[in-house]
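Have a look at the model before you read on.

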Amino acid sequence: MSIDYSEKIPNNVDLAGDRKLQRALESWQPNFINWWKTMGPAVPTQDVYLRTAVDVGKEGWAQFGHVAMEEYRWGVFLSERGDDRRIAFGENRGEPVWQQVPGEYRADLQRLIVIQGDTEPASVEQQRRLGETAPSLYDLRNLFQVNVEEGRHLWAMVYLLHAYFGRNGRDEAEALLQRNSGDLDSPRILGAFNEETPDWLSFFMFTYFTDRDGKYQLGTLKESAFDPLSRTCEFMLKEEAHHMFVGTTGIDRVIQRTCELMREHDTADIAPHGGVPLNVIQKYINFHYSVSLDLFGSEQSTNAANYFTAGLKGRWQEERRTDDHLLTDDGYGMEQVRDGAVVTDEVPALLALNLDLRNEYVKDCQSGVKRWNRILEKNGFDDRVYLPHVGFNREVGLFSTHHVTPKGDLVGTDTWEARRDDWLPSDADRTHVQNLMRPVYEPGKIAGWIAPPSNGINGKPFEYEYVHFA
C-alpha cells in the first residue's frame with residue numbers, strides 16, 4: 001500500500017474520498033505545526049538526513065534524504081488489511097473484526113487511543129533541548145528521527161479520533177496539543193512522560209526502557225478487534241523499532257567508552273577523566289527501568305480484564321498463545337508482600353493481564369543487559385550491570401507502599417532514605433553527567449564520554465554530514 005505524497009496530508013486511507021474528514025484534519029494540521037515550532041526540537045536546522053515512509057509493506061517502506069524538519073511529510077499510514085481477519089480473543093473470538101466502533105465500547109476505545117496518543121508528543125517535549133548538547137551529528141540525527149516519528153505517531157492517533165469518534169474525538173485531538181510534559185496546570189496523562197530528559201544518558205535510557213514499554217502497549221493494541229486501530233499500531237511498531245535501536249546502541253557506546261577510560265586510567269572512578277562511571281550507569285538503569293514499570297499499571301486490573309474480554313486490547317503476541325484465549329478458568333503467579341516478605345500467590349489470569357504484559361517486557365529488557373555485560377566481559381572487566389527487582393522504586397501497583405532494594409530485600413523508610421543515593425542517581429551524579437554534555441557538531445567528531453557507532457545510517461559513514469544547521 002503506497003503512500004500518496006501528492007496530498008496536503010500524506011496518507012494511504014483515501015482521505016480524498018472523505019472530504020469532511022479531510023477538512024477536519026487539515027484544520028488540525030496548522031495547530032500541529034505550531035506545536036512543533038514551539039515545543040519541538042530547539043536547535044535551528046536547515047535540513048536533516050531523515051527516513052520517510054513511502055509504503056507500508058514489509059520491504060522497501062522507507063527512503064532517506066535531507067529534509068527540512070518543518071516540511072517533514074507527517075501523515076496517516078495504516079498497514080495492509082487482512083483478507084479475513086477475525087477477533088483472536090475474548091467473548092467475541094472468531095467473529096469478524098470491527099471496521100467501525102461498537103457503541104458499547106466507544107468510551108473505552110477512545111480512552112485507550114487518547115492515552116496512547118498523549119505519550120507521543122510528550123516525549124518530543126521532554127527531548128526538546130537535547131540537541132543543544134548532542135555528542136555527535138550522528139546522534140543529533142537519530143534524536144531528530146525519533147522526534148519526527150513521534151510526531152507521526154501523534155497523527156496516527158488523531159486520525160482515529162477524528163475518523164471514528166465524532167465531536168468528542170475532535171475535542172480530544174485538540175487537547176493532545178494543549179497538554180504539555182511537566183506542565184503544572186496541564187501535564188501529560190502518564191507520570192513517566194512528565195519526567196525531564198535532561199541529558200543524553202537519560203535519553204538513551206528513555207529510548208531503551210520507556211519506548212520499549214511503548215512497543216508492548218502498541219503490541220496489545222495491534223491485537224484489537226477494532227481493525228483501524230490494529231492496523232495503525234502495526235505500522236507504528238515498524239518505526240518504534242528504530243527508537244529502541246537508538247537506546248540499545250547508545251547505552252552500548254556509553255559502556256564501551258567507560259571501559260576504555262577505566263582501562264586507560266586503571267580506575268573505576270573515571271568521573272575526573274570525563275567519563276560516566278559504571279555505578280552511575282547502573283543507577284540510571286535502576287531509575288528508568290522502575291519508572292517504566294509503573295507504566296504497566298497495577299498488577300491486578302479489572303479494566304484490563306474487561307478490555308480483553310471485550311476484544312479491545314489483547315496480550316503480547318496473542319495469536320501465538322496456546323491457551324483458549326478466554327482465560328476465564330486460568331490462574332497466574334503474582335508476587336506480593338505478606339508478613340514482611342515477598343511471596344508468590346496465584347490469582348485469576350484475567351485480572352493479571354497487566355502483569356503478564358509487564359513480564360514479557362522484563363524478559364525483553366534482559367536482552368539489553370546481556371548485551372551490555374558482553375561488552376564488559378569483552379573488555380576484560382568482571383563488573384556487571386543488572387535490572388533491579390520489579391518492586392524497586394515503584395509508585396504504582398503492589399510495591400508502591402513498600403521500600404524494596406534493587407536486590408529485592410524489603411527495608412524500612414530509614415534504610416531507604418539512607419541508601420537512596422546508592423541506588424538512584426544523586427544530585428551529584430546528575431550534575432556530573434550534565435557537565436559532560438557539550439555539543440560536538442563537527443562531522444566525524446564525538447564527545448569524550450561515548451564511543452562512536454560501529455556503523456552509520458543507511459550505509460553512510462559516521463563522518464557523514466547528517467545535519468545542516470540553519
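1. The residues lining the largest cavity split into four nonpolar, five polar and two charged (nonpolar means Ala, Val, Leu, Ile, Met, Phe, Trp, Tyr, Cys and Pro; charged means Asp, Glu, Lys and Arg; polar means the others, Gly among them). Keep in mind that this is a predicted model, where local features need pLDDT of at least 70, side-chain atom pairs count only at pLDDT 80 or more, and totals for chains, interfaces and linings use all residues. Numbering runs from 1 along each chain as its sequence is written, and side-chain values use heavy atoms, without hydrogens and water.

2. The cavity itself. Searching the whole structure turns up one cavity of 30 Å³ or more (on a 1 Å grid over the protein atoms alone, points where a 1.4 Å probe fits but cannot get out; a pocket is an open set with protein on both sides within 12 Å along at least five of seven lines; lining residues have an atom within 4 Å of a point). The volume of the largest cavity is about 80 Å³, counted as the space filled by probe spheres set on the points.

3. Who lines it? Among the residues lining the largest cavity are Gln126, Phe206, Phe287 and His288. Helix H7 (278–294) and helix H5 (200–222) each give two or more residues to that lining (helices are DSSP runs of H or I, at least four residues, numbered from the N terminus). H7 has the largest share, four residues.

4. The second largest pocket. Its volume is about 460 Å³. Of its 20 lining residues, Lys222, Glu223, Ser230, Glu234 and Glu319 are the closest to its centre. H6 gives the most to this lining, six residues, and the lining divides into three nonpolar, five polar and twelve charged.
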